[in-house]
Each structure stands twice: as C-alpha cells, then as structure tokens.
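Hello,

Here is the structure for your files. My notes on what I found follow below it.

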Amino acid sequence: MTRKVRDIFLTGLGILLVIIGVIGIFLPVLPATVFLLMAAWCFTNGSPKLNHWLLTHPHLGPPVIEWRAHGVIPFRGKVLAIIMMSASLAYLIFFSSAPSFVAPLVGVILFCVAIFIVTRPSLPPGNKQLDSSE
C-alpha cells in the first residue's frame with residue numbers, strides 16, 4: 001500500500017470515527033471519547049490538518065488532549081464503559097450460543113480492561129475540582 005493510499009484510508013476512517021464520536025456525545029450508549037481518540041490516531045498518521053482541527057476544536061479536542069497528556073478518562077466515561085462491558089458479557093452469557101469456554105475468556109479480558117479503565121485518573125493533575133471517582 002502506498003503512502004498516499006494509506007493516508008487517504010486513515011483520513012477517511014478518522015472522519016468516520018469523528019462522526020461516530022459526535023453521535024456518541026448525544027447517545028449515552030456510545031463512548032464518544034474512545035472514537036475521538038481513534039480518530040486522533042488516524043489523523044496523526046494520515047492528515048496533519050485534520051489532526052490540528054480535532055485537537056483545537058473547543059468541544060472535541062480537550063478529551064483527546066487530556067488523554068495524551070495525562071491518561072485521563074472522565075468519570076462518566078468510566079461508568080459508561082463498565083456498564084456497557086457488563087451488559088455485553090451478560091448478553092454473551094445468557095443469550096449467546098457461543099462455546100462454553102468463550103464467556104469466561106471474554107469475562108477475564110473485560111475484567112482486565114475494566115481494571116485499566118478504573119485505574120486511570122478522572123481529572124488532570126492539579127485540577128481543583130472534586131474527583132467523582134473518590
């Protein structure tokens with residue numbers, strides 16, 4: 001794959017991810033920040049102009065900047081991620097016809113992801129607001 005084709009692909013994927021992220025701002029079941037982080041990665045590797053636009057956007061940029069600078073995951077995002085992972089696992093256990101080893105395996109993976117999410121800061125260092133996770 002040539003660099004130009006890769007850049008076009010990453011830019012198109014980034015635009016799609018931004019659109020999904022914006023929809024996620026209004027729908028509580030979609031984690032907007034995750035899609036914006038993926039879009040930022042795509043733009044970093046495919047379109048410096050769109051990367052700059054995303055990072056300087058007054059509403060979309062701050063979560064990306066806080067993640068890159070401090071590994072911040074907002075408390076609301078943590079709660080939604082844990083709820084959605086739990087619901088997905090419950091669906092897998094109760095309604096799926098997957099082989100019996102799949103649910104425990106997925107459960108262990110989701111548990112590890114949940115630990116990672118919970119252990120990230122909810123606010124950047126030095127922020128005087130009360131951290132909702134404490």
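This is a predicted model: local features need pLDDT of at least 70, side-chain atom pairs count only at pLDDT 80 or more; totals for chains, interfaces and linings use all residues.

Helix α4 itself covers residues 61-70. Its buried residues are G61, P63 and V64. These buried residues pack against two helices, α2 (32-46) and α3.

Helix α3 spans residues 48-56, and its axis comes within 6 Å of the α4 axis, with a crossing angle of roughly 100 degrees. Angles of 65 to 115 degrees count as roughly perpendicular, so α3 and α4 are roughly perpendicular to each other. On the α3 side the contact is made by N51, L54 and L55, while α4 supplies G61, V64, I65 and R68. By type, the residues of this contact divide into 4 nonpolar, 2 polar and 1 charged. G61 and V64 are listed both among the contact residues and among the buried residues of α4.

One lysine is worth a separate note. K78 sits in helix α5, which runs over residues 75-95. Is K78 buried or exposed? Its relative accessible area is 6%; buried means under 20%, so K78 is buried. What does K78 touch, leaving aside residues up to four places away in sequence? The list is I73, I117, V118, R120, P121 and S122.

Regards

Note on methods: Residues are numbered from 1 along each chain as its sequence is written. Side-chain values use heavy atoms; hydrogens and water are left out. Axes are lines fitted to C-alpha atoms, for helices over the stretch in contact, and angles run from 0 to 180 degrees between N-to-C directions. Helices (H or I, at least four residues) and strands (E, at least two) are DSSP runs, numbered from the N terminus. Angles under 35 degrees count as roughly parallel, over 145 as roughly antiparallel, 65 to 115 as roughly perpendicular and the rest as oblique. Contact means heavy atoms within 4.5 Å. Ala, Val, Leu, Ile, Met, Phe, Trp, Tyr, Cys and Pro count as nonpolar, Asp, Glu, Lys and Arg as charged, and the others, Gly among them, as polar. Buried means under 20% relative accessible area, exposed over 50%, partly exposed in between (1.4 Å probe, protein chains only).
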